[in-house]
Amino acid sequence: MFLHGTSSVNNSGHLEIGGLDTTKLAATYGTPLYVYDIELVRQKARAFMDPFQQNGIQAQVAYAGKAFCTVGILQVIAQEGLSLDVVSGGELYTALKAGFPVERIHFHGNNKSYQEIEMALQAGIGHFIVDNYLEIHMLKEATRRLGTKTKVLLRLAPGVEAHTHEYISTGKEDSKFGFDLESGAATEAMELLHGDQYIELTGVHYHIGSQIFDMEAFYVATEKVWRMLADWREQAGFHLQVLNVGGGFGIRYTEEDTPLSIQEYVEHVIQAVKNNAENFGFNLPEIWIEPGRAIVGDAGTTLYTVGAQKQIPNVRNYLSVDGGMSDNIRLPLYQAKYEAAIANSMNEEADTLVSIAGKHCESGDMLAWDVQLPNPQVGDILAIPCTGAYCYSMASNYNHITKSAVVFVENSEAKVVVQRQTYEDLVRLDNEYLPNLHVEKGNRESRVS
Ligand code: LLP
């Protein structure tokens, strides 16, 4: 298993993260357990900020909260001086609870409700990333009703497909997100907002997909967008202040993945924006990016306890653990691949081929196909690294399995930042339903309840 960040193997042959033995973390806090290497989160956050600062470029690095949104992580993100992209009233609420600087919160989403828009206006967030005509209409109405001004970016669908899994590519024309360029929708939206008394259109946004390694599609999209920006300048006198190029920077889940370094990603972004600004005769706008996965992905490791095994001769060895698709749905949903290790025997030879199954009632409930482990035994602690993004945030209570706890480790200290759910939590919002039912049984009336 590849060791990310502060992960290492200690003298007992155990996996350590943040200076702490993961088998002890498992014993103390139970499993499944999401463990976050906060030093690594900080390193990644700084790696995104540094190239902009070193080049003296006005920029915002907005963490995409959808990757992992809890009060604790948003506080780390705020401490590092990043901005935040939220996509729902719930994420906004969490950010406000975390005390996130409100002017650095930007609100995304393709179907914001009027209540969400009001909530964000009242909180005084930085920007709305406006996605569609209904939102423009509601924003105009709400700003006037509340007497509040706001800033917006227009979300564009540049009609460019990134080479990534279909469900996570978003920039192509046939997408539910944003205004497309070709049909004239983007220009029409700009005209509806440009010069508005309450709404300042400061720029545009596009995001062409996630887990991207190859910047080609990004270059193509960027040039298309600048052509349009040049038209807007000619035809409407539109002045570009902010160019938000989204997130999607890929990470290394397994050795098949070949991401660029964060510095390289950011340098490509800077170069592409600079080139286009120069070619089209613009001053350099403020550059915004929105990494989610690349900030928290590698930093999360999920610990499980090994349970039953089923060996089917000449077919497969299934190794079941005490979690699964309710804490990490990425394999069933995206055919995601992960590495794995036995945290309590890191130095032993990985000589046994297994597939790691969850404990949910579904054959697709798998965490990893065909990984080599050192002869796993009941009670071993299995570690799956790179589960920091889109695992806790996509967790469910399927089969009424309680959501796992989240622990942050940093400088040899551990802190529970999300408590494990209890069985009581599972029924806390349930109401009883015991009406007085009268069922006719022949002539006799029997009462059921
Ligand atoms: N900005 C926008 C507008 C987005 O839609 C996204 C991701 C991001 C930024 C952050 O992308 P990142 O840097 O994290 O790749 N659940 C899927 C990923 C869905 C991504 C949705 N949008 C997964 O587990 O891979």
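Colleague: What am I looking at here?
Modeller: It's a predicted model, where local features need pLDDT of at least 70, side-chain atom pairs count only at pLDDT 80 or more, and totals for chains, interfaces and linings use all residues. Residues are numbered from 1 along each chain as its sequence is written, and side-chain values use heavy atoms, with hydrogens and water left out.

Colleague: Okay, how is the chain divided?

Colleague: What about the area buried between them?
Modeller: About 2,000 Å², with carbon and sulfur atoms giving 59% of that. Buried area is the accessible area (1.4 Å probe) that two parts lose on being put together, summed over both.

Colleague: Which residues of domain 1 lose the most area to domain 2?
Modeller: Tyr390, Phe408 and Glu410, together 28% of what that side buries.

Colleague: How many salt bridges are there between the domains?
Modeller: Three. A salt bridge here is a side-chain nitrogen of Lys or Arg within 4 Å of a carboxyl oxygen of Asp or Glu. Arg252 and Glu339 form a salt bridge, with their closest N and O atoms 3.2 Å apart.

Colleague: And in the structure as a whole?
Modeller: 16 salt bridges. One of them joins Arg42 and Glu80, at 2.9 Å from N to O. Arg42 lies in helix H2 (residues 38-54) and Glu80 in the loop between helix H3 (71-79) and strand S6 (83-86), so the pair ties together parts that are 38 residues apart in sequence. Helices (H or I, at least four residues) and strands (E, at least two) are DSSP runs, numbered from the N terminus.

Colleague: Switching topic: in what order do the strands of the open sheet come?
Modeller: S1-S2-S3, three strands with antiparallel pairing. Two strands pair if DSSP finds at least two bridges between them.

Colleague: Which strands stand at the edges?
Modeller: S1 (8-9) and S3 (20-21); each has a single partner strand, so one side of each is left without a neighbour in the sheet.

Colleague: How many bridges join S1 to S2?
Modeller: Two, and S2 covers residues 15-17. Val9 stands opposite Leu15 in S2.
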